[in-house]
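User: I have a structure here that I have not looked at before. Can you walk me through it?

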Amino acid sequence: SRSSTGGVVGGASASLPPARSWSRTAGRCCGCSRAHASRSNASPTPRAAGNVLYELDGMPALDLYERYLGEEAAQLPASGLLYPLKVWDAAAPENEVVRTILAIDREARSLTFAGDVPQGWEARLMRGTFFRLTEGATAAAQHAKQSLAAAGCEPEACIVVSCVGRRLLMQQRTEDEIDAVANAVGRTTAVAGFYSYGEIAPDNATGFCGLHNQTMTLTLLAE
């Protein structure tokens with residue numbers, strides 16, 4: 001059997017770990033494409049502990065989010081689905097991951113994310129849109145199919161794992177990205193999947209593997 005894996009950070013970004021293969025000539029590839037637009041400048045995270053962020057850009061983390069979100073800040077943490085945080089190590093800027101807000105602490109003025117936010121890393125507020133999320137899903141599927149084609153195979157099955165955060169954000173328009181994936185891999189390819197609470201996956205270009213939020217991942221199978 002042969003497999004090829006692709007994914008998208010919605011938001012976003014990452015893919016499943018390489019699937020096991022039982023053929024010496026098996027081809028496999030992991031993909032990761034970002035699908036959020038930048039909303040703020042990059043800033044270091046001077047005060048953070050685990051998945052809790054206390055300070056960003058010289059002010060309490062919650063204050064910064066309230067400044068950028070305006071009226072939408074009253075709906076936090078729910079409105080945070082539209083505004084995830086991208087974080088990365090300044091020493092390796094290509095190794096970036098996306099974090100979704102889980103909770104806020106109005107007394108401590110802090111934000112709790114669905115993944116670690118290492119102290120000292122760079123961070124940038126992002127903005128998710130339906131179009132970019134769907135576009136990213138298409139790119140991931142195309143990347144996986146092209147990688148499989150390089151091994152001389154056509155996809156026969158596609159396993160899709162999407163972050164529940166994307167489902168909550170896109171709601172009924174979730175079907176748009178599923179249709180986009182089906183069109184990209186081919187309508188003769190069987191597609192199945194489920195929702196998850198985070199994805200561990202390597203990056204397309206760097207191979208860096210980390211925990212991602214708001215991500216759709218997919219694995220193509222062929223024999």
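Analyst: What follows goes through a helix, a pocket, the cysteines and some backbone details. Keep in mind that this is a predicted model.

User: Start with α2. How many residues does it have, and how far does it reach?

Analyst: Helix α2 covers residues 130-150, which is 21 residues. From its first C-alpha to its last it reaches 31 Å, close to the 30 Å expected at 1.5 Å a residue.

User: Which residues of α2 are buried?

Analyst: Leu133, Thr134, Gly136, Ala137, Ala140, Ala141, Ala144 and Leu148 are buried. Seen down the axis of α2, the buried residues fall within an arc of 160°, so they line one face of the helix.

User: Why would residues spaced like that point the same way?

Analyst: An α-helix has 3.6 residues a turn, so residues three or four places apart point the same way.

User: And what is exposed on the other side of α2?

Analyst: Phe131, Gln146 and Ala150 are exposed there. After α2 comes Gly152, with a positive phi near 85°.

User: New topic. What volume does the largest pocket have?

Analyst: Its volume is about 210 Å³. The lining has 15 residues, and those nearest the pocket centre are Leu81, Thr100, Ile101, Leu102 and Gly165.

User: Which element gives the most to that lining?

Analyst: α3 does, with 3 residues. Both β10 (101-105) and α3 (164-170) supply at least two residues each.

User: How does the lining divide into nonpolar, polar and charged?

Analyst: There are 10 nonpolar residues, 5 polar and no charged.

User: What about cysteines? How many disulfides are there?

Analyst: The count is 0 disulfides, taking a disulfide as a pair of cysteine sulfur atoms within 2.5 Å.

User: Are Cys158 and Cys163 buried or exposed?

Analyst: Cys158 is buried, at a relative accessible area of 1%. Cys163 is buried as well, at 6%.

User: Now the backbone. Where is there a cis peptide bond?

Analyst: Between Leu76 and Pro77, with omega about 5°. Pro77 sits in the loop between α1 (61-69) and β8 (85-89).

User: Which residues other than glycine have a positive phi?

Analyst: Asp57 is one of them, with phi about 55°. Gln214 is another, with phi near 50°.

User: Where are they in the chain?

Analyst: Asp57 is in the loop between β6 (52-56) and β7 (59-60). Gln214 is in the loop between β16 (209-212) and β17 (215-222).

User: And how accessible are Asp57 and Gln214?

Analyst: Asp57 is partly exposed, with a relative accessible area of 39%, whereas Gln214 is buried, with 0%.

Technical notes:
Residues are numbered from 1 along each chain as its sequence is written. This is a predicted model: local features need pLDDT of at least 70, side-chain atom pairs count only at pLDDT 80 or more; totals for chains, interfaces and linings use all residues. Side-chain values use heavy atoms; hydrogens and water are left out. Buried means under 20% relative accessible area, exposed over 50%, partly exposed in between (1.4 Å probe, protein chains only). On a 1 Å grid over the protein atoms alone, a cavity is a set of points where a 1.4 Å probe fits but cannot get out, and a pocket is an open set with protein on both sides within 12 Å along at least five of seven lines; lining residues have an atom within 4 Å of a point. Grid points are joined across faces, edges and corners, and a volume is the space filled by probe spheres set on the points. Helices (H or I, at least four residues) and strands (E, at least two) are DSSP runs, numbered from the N terminus. Ala, Val, Leu, Ile, Met, Phe, Trp, Tyr, Cys and Pro count as nonpolar, Asp, Glu, Lys and Arg as charged, and the others, Gly among them, as polar. The expected span of a helix is 1.5 Å times one less than its number of residues. The arc is that of the directions from the helix axis to the C-beta atoms.
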